[in-house]
Amino acid sequence: MSHAQRKKGGNEPWRNKERHYCSVCNAWMASDRQSILLHENGKKHREAVEFDLKRRREEKSKKEKDKKNLNSLFAKINGA
């Protein structure tokens, strides 16, 4: 067996070094299905997803409000 095969785990599939990254929680975990499902069904992840969705909704409504205010300001300027 070569040095490269020993370093990567060789032909041993149960020693998979790949990891799964959850961008919502900024967390790394094993890439197997059970670990991912356990994480995604966990309280911390669900709370982080809800917080992220709430933040995105607030940002979107703020952008829409700012755009509406800007358009009304332009209308006042052009109408004057």
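Trainee: Is Arg 57 buried, partly exposed or exposed?
Mentor: In this predicted model, Arg 57 counts as partly exposed because its relative accessibility is 48%.

Trainee: Which residue forms a salt bridge with Arg 57?
Mentor: Glu 50 does, and the closest N and O atoms of the pair are 3.5 Å apart. Glu 50 is partly exposed as well, at 45% relative accessibility.

Trainee: How many salt bridges are there in the whole structure?
Mentor: A search finds 5. One of them joins Arg 55 to Asp 52, with 2.5 Å between the closest N and O atoms.

Trainee: Where do Arg 55 and Asp 52 lie?
Mentor: Both are in helix H3, 3 residues apart, which is about one turn of the helix. Asp 52 has a relative accessible area of 17%, under the 20% limit, so Asp 52 is buried. Arg 55, at 33%, is partly exposed.

Trainee: Which residues are linked with them in a network?
Mentor: Salt bridges link Asp 52 and Arg 55 with Arg 56 and Glu 59.

Trainee: What does Lys 62 pair with?
Mentor: Lys 62 forms a salt bridge with Asp 66, at 3.2 Å between the closest N and O atoms. These two residues also lie in helix H3, 4 residues apart. Lys 62 is exposed at 52% relative accessibility, whereas Asp 66 is partly exposed at 38%.

Trainee: Changing topic, which residues form the nonpolar patch on the surface?
Mentor: Leu 70, Leu 73, Phe 74 and Ile 77 form it, with about 380 Å² of accessible area together. Ile 77 lies in helix H3, which spans residues 43-79.

Trainee: What does the UniProt annotation say about residues 17-52?
Mentor: The unreviewed entry annotates them as "domain: U1-type".

Conventions. Residues are numbered from 1 along each chain as its sequence is written. This is a predicted model: local features need pLDDT of at least 70, side-chain atom pairs count only at pLDDT 80 or more; totals for chains, interfaces and linings use all residues. Side-chain values use heavy atoms; hydrogens and water are left out. Patches are made of residues with over 30% relative accessible area and no salt bridge: like charges are joined within 9 Å, nonpolar side chains (Val, Leu, Ile, Met, Phe, Trp, Tyr) within 5 Å. Accessible areas come from the Shrake-Rupley method with a 1.4 Å probe; for residues, only the protein chains shown count as cover. A salt bridge is a side-chain nitrogen of Lys or Arg within 4 Å of a carboxyl oxygen of Asp or Glu. UniProt positions are given in the numbering used here, feature names are shortened, and annotations may be inferred rather than shown by experiment. Buried means under 20% relative accessible area, exposed over 50%, partly exposed in between (1.4 Å probe, protein chains only).
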